[in-house]
Amino acid sequence: MTGKQKKILSILIKVAIVVFAFWFIYHKLIANKNLENFRSLLKDIPKPEIVGVIGLVVLLMFLNWFLEAGKWKHMMYNIERISFYRAVESVFCGLTMAIFTPNRLGEYGGRVFFLSPKRRVVGIVAMSVGSIGQLVLTNVFGAIAACFFVYRFVPMDRVFFITVVFFAIVFSLFFLVFYFNIRWLNGLLLSFKFTRKYKKFYSILGRYRKGELFKIILFCFARYLVFSSQYFILFVWLIPGLNYGDIIMMTCLLFLVQSALPSLDLFDVGIRSVTAVELFKHITDQHVAVIACTASIWLINIIIPAILGSYFVFKLNFFGNLKTN
């Protein structure tokens with residue numbers, strides 16, 4: 001294609017992405033009755049208090065995604081140098097594209113199209129390492145929470161409980177060992193003739209040493225603390241009297257279950273709400289408040305960033321240019 005044809009096609013794709021994302025968001029917001037429940041819970045609460053709490057949760061949302069941008073910038077350091085602002089652009093653009101793609105696959109495209117063409121596949125591999133780090137923490141803290149949950153709410157003898165704890169430890173160690181030795185995956189892929197010819201794309205896995213992986217997982221841990229705090233703040237605020245330890249335990253379990261379920265970001269609110277009710281029913285009977293908390297966090301963490309990211313979609317670089325090549 002000529003340069004002009006590429007430019008026209010690029011604009012059409014960007015417009016289609018934004019229109020598609022807003023169409024999905026609009027229809028989901030219209031059909032979401034859980035947000036009505038959230039508004040009804042707030043009607044008797046003073047406005048300054050509402051603004052303060054919701055404002056804090058929104059600020060935590062920005063902190064969460066800025067941490068992700070910092071992690072992305074750090075991971076790209078040895079691949080392609082990008083500024084922090086460029087990293088923020090790519091992260092929010094990815095959130096827009098993730099809104100209508102299964103298991104957030106569009107998030108990869110939203111980020112790597114900010115890189116030069118020859119580094120995009122390597123960028124996907126690097127992004128996968130960061131995603132694995134986040135998954136490791138979700139599984140480890142989820143396994144710990146599962147042990148406390150079983151101890152408190154599942155009647156069983158001591159031997160069976162010790163067995164559960166043993167499997168939780170093995171489960172956690174497996175993920176930790178795999179993550180901190182992710183270069184083993186590079187060696188495994190090299191052992192197959194079919195995958196060996198693609199080694200220039202995944203060979204970056206062999207560069208990650210434990211010190212570098214530790215820095216990446218620190219970003220992941222900071223993010224985990226931030227979005228856990230969002231749930232904690234809203235549950236303490238809207239369902240007073242809950243035990244703080246119980247909220248933390250159920251939130252960690254909620255993250256664990258969510259990570260194991262395939263979903264579409266846009267429809268994920270339904271899955272989150274059902275899961276949250278099933279878990280939190282053990283510590284509260286205020287199911288409407290549980291659903292309202294979950295739906296509001298979905299709105300703040302997914303929908304608002306996706307809307308903001310639509311601006312950065314128009315900065316996507318699908319075909320590259322002389323400078324980036």
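## Basis of the model

In this predicted model, local features need pLDDT of at least 70 and side-chain atom pairs count only at pLDDT 80 or more, whereas totals for chains, interfaces and linings use all residues. Residues are numbered from 1 along each chain as its sequence is written, and side-chain values use heavy atoms, with hydrogens and water left out.

## Packing of H3 against H6

Helices are DSSP runs of H or I with at least four residues, numbered from the N terminus. Helix H3 (residues 47-75) and helix H6 (residues 120-153) have axes that come within 10 Å and cross at roughly 130°. Axes are lines fitted to C-alpha atoms over the stretch in contact, and angles run from 0 to 180 degrees between N-to-C directions. H3 and H6 are therefore oblique to each other; angles under 35 degrees count as roughly parallel, over 145 as roughly antiparallel, 65 to 115 as roughly perpendicular and the rest as oblique.

The crossing of H3 and H6 is right-handed, a term for a near helix turned clockwise from the far one by less than a right angle, with anticlockwise giving left-handed. On the H3 side, Lys-71, Trp-72 and Met-75 meet Gly-123, Ala-126, Met-127, Val-129, Gly-130 and Gln-134 of H6, where contact means heavy atoms within 4.5 Å. The residues of this contact comprise five nonpolar, three polar and one charged. Ala, Val, Leu, Ile, Met, Phe, Trp, Tyr, Cys and Pro count as nonpolar, Asp, Glu, Lys and Arg as charged, and the others, Gly among them, as polar.

## Packing of H3 against H11

Helix H11 (residues 210-238) packs with H3 at an angle of about 165°, the axes being 10 Å apart. H3 and H11 are therefore roughly antiparallel, and their crossing is left-handed. The contact of H3 with H11 has 20 nonpolar, five polar and six charged residues.

## Helix H4

The 15 residues of helix H4 (residues 84-98) should span 21 Å at 1.5 Å a residue, and the end C-alpha atoms are 21 Å apart, which agrees. The expected span is 1.5 Å times one less than the number of residues.

## Leu-213

Leu-213 lies in helix H11 and counts as buried at 0% relative accessibility. Apart from neighbours within four places in sequence, Leu-213 is in contact with Val-129, Tyr-179, Phe-180, Asn-181, Ile-182 and Tyr-208.

Technical notes:
Helix = DSSP H or I, 4+ residues; strand = E, 2+ residues; numbered from the N terminus. Buried < 20%, exposed > 50% of the residue type's maximum accessible area, 1.4 Å probe, protein only.
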